[in-house]
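Student: Could you help me read a structure like this one? I'd like to go feature by feature.

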Amino acid sequence: MLKRPLLVVAVVLTLVAGGFAVWGGWSWYGAAHDDTASFAAARDDALEAGEQAVQNLNTLDHQKLDSGLDLWESSTTGALHSQLVKGRAEFAKQVTSAKTVSTAKVLDGAVTELDERAGKARVMVALRITVKAAGQKATDKDSRMLGELTRTDGHWKLSALAQAQVGDSASTTTD
């Protein structure tokens with residue numbers, strides 16, 4: 001008689017353990033194939049690339065001009081890239097004569113739109129830009145930039161960049 005209750009307990013424990021194993025496997029499979037995790041990873045990739053590209057386009061040292069402008073071009077695509085390539089010589093002349101050094105630090109950023117299938121994203125990036133001209137004291141300016149990203153060859157690159165509007169642009173009056 002003693003052997004039979006132990007056998008029943010062993011069978012019950014085996015069934016419970018098997019049930020937990022099935023439940024755990026099903027949960028793991030569901031988490032591994034969840035679109036939410038994939039979307040979050042794509043959003044994080046776009047944000048990281050957008051912040052870096054915006055920082056790149058706001059950093060330039062007149063003493064390392066060619067490598068800085070090369071970085072600008074490698075961070076961009078589309079019309080923005082074409083615009084930078086076309087205006088490179090004139091811009092280089094201006095920066096060289098002014099002898100400026102600008103450095104940007106990302107303060108914060110966010111993805112405002114993401115379309116993975118189309119390979120398009122938009123970001124807003126807050127920066128602190130420090131500009132030092134020859135013989136002058138460095139000045140800091142906080143700036144918010146809006147960037148459009150396009151995925152090319154599996155990498156996000158800036159395809160447009162603009163200053164974000166600050167404050168309310170419409171004036172209000174009361175009578």
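Student: Where does Leu-127 lie?

Tutor: Leu-127 lies in strand E3; helices (H or I, at least four residues) and strands (E, at least two) are DSSP runs, numbered from the N terminus. This is a predicted model, where local features need pLDDT of at least 70, side-chain atom pairs count only at pLDDT 80 or more, and totals for chains, interfaces and linings use all residues. Residues are numbered from 1 along each chain as its sequence is written, and side-chain values use heavy atoms, with hydrogens and water left out.

Student: Is Leu-127 buried or exposed?

Tutor: Buried means under 20% relative accessible area, exposed over 50%, partly exposed in between (1.4 Å probe, protein chains only). Leu-127 counts as buried because its relative accessibility is 0%.

Student: And what is Leu-127 in contact with, leaving aside neighbours within four places in sequence?

Tutor: Contact means heavy atoms within 4.5 Å. For Leu-127, the partners include Val-54, Gln-55, Val-106 and Met-145.

Student: How far apart are the end C-alpha atoms of H2?

Tutor: The expected span of a helix is 1.5 Å times one less than its number of residues. Helix H2 (residues 35-56) has 22 residues, so it should span 32 Å; its end C-alpha atoms are 31 Å apart, which agrees.

Student: What about Phe-20, buried or exposed?

Tutor: Phe-20, placed in helix H1 (residues 3-32), counts as exposed because its relative accessibility is 57%.
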